[in-house]
Amino acid sequence: AGRLAELAQDPAMRIYQSMRVRRLLVGVALTSLTLALAWSTAGVQAFASDGAPVGSPVWWFAWLVEPFLSLALLVVVGARAYLGTRGHVLDHPALVKVERLFLALTVGMNAWPYLPLVAEPFNLARLVLHILGPVVAVAITTALPVILAAFSELDQPTPTGPTYRANTELVNRVRALIQAGELPASPSATRIQRTLRCGMDDARAVRDVLAGGA
């Protein structure tokens, strides 16, 4: 029990544990996002078909509207999530606008046929039911980058303490990333600096320690 408690306080072990939890949360979030977008497919199909006869070409093509929107959205969200697990938060304004555009289109197409003055008679329960999937998708795409950014900050070394202690923590972090397959067995100083977002001098020192240098 004492050994387990000691290991639980080891910086490398704590980083490894946070990486596992982060990957689990990303997997659950993307699964939930996929299911939420699949839920809205029927609503988008009803909007896109615009009363076309069942089985007609327009009716069948309407089923493709939500899938190609969802796949495009998942490309953006998946890329941001993957980079977030590597400690790189991708908040480019263009990508954020693309996410918001796709989500707005999905919400709008699901809600439009059931809005007041459009649906006759208006039914609040049907409106809520049809926008449930898009709302969940909006929540996930909004919350996931924030969660990943928090994990990224959690993995950062503490700024206090002597330099050698900070370098030791960096070495432990790199070893944990190597064991997890996030870094090659002998990473370059540039790769270490880019992954840990530390100074190049610290990255070179970590590289030398891993290589058996001073």
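Visitor: What makes Trp 59, Trp 60 and Trp 63 a cluster?

Guide: In this predicted model, ring pairs link Trp 59, Trp 60 and Trp 63. Two ring centres have to lie within 6.5 Å to pair, and by that rule the count comes to two aromatic pairs.

Visitor: Why is the pair of Trp 59 and Trp 60 called edge-to-face?

Guide: Check the distance, then the angle. The ring centres of Trp 59 and Trp 60 are 4.8 Å apart, and the limit is 6.5 Å, so they pair. Their planes sit at 85°, and over 60 degrees counts as edge-to-face, so that's the label.

Visitor: How do you know whether Trp 59 is buried or exposed?

Guide: Trp 59 has 17% relative accessibility. Buried means under 20%, so Trp 59 counts as buried.

Visitor: Why is Trp 60 called exposed, and Trp 63 partly exposed?

Guide: Trp 60 comes in at 52%, and exposed means over 50%, so Trp 60 gets that name. Trp 63 has 30%, which falls between the 20% and 50% cut-offs, so Trp 63 is partly exposed.

Visitor: Where is Glu 182, and why does Glu 182 count as buried?

Guide: You'll find Glu 182 in the loop between helix H8 (163-179) and helix H9 (189-196). Its relative accessibility is 10%, and the cut-off is under 20%, so Glu 182 is buried.

Terms used
Residues numbered from 1 in each chain as written. Predicted model: local features only at pLDDT ≥ 70, side-chain atom pairs only at ≥ 80, totals over all residues. Heavy atoms only, no water. Phe/Tyr/Trp six-rings, centres within 6.5 Å; stacked < 30°, edge-to-face > 60°. Buried < 20%, exposed > 50% of the residue type's maximum accessible area, 1.4 Å probe, protein only. Helix = DSSP H or I, 4+ residues; strand = E, 2+ residues; numbered from the N terminus.
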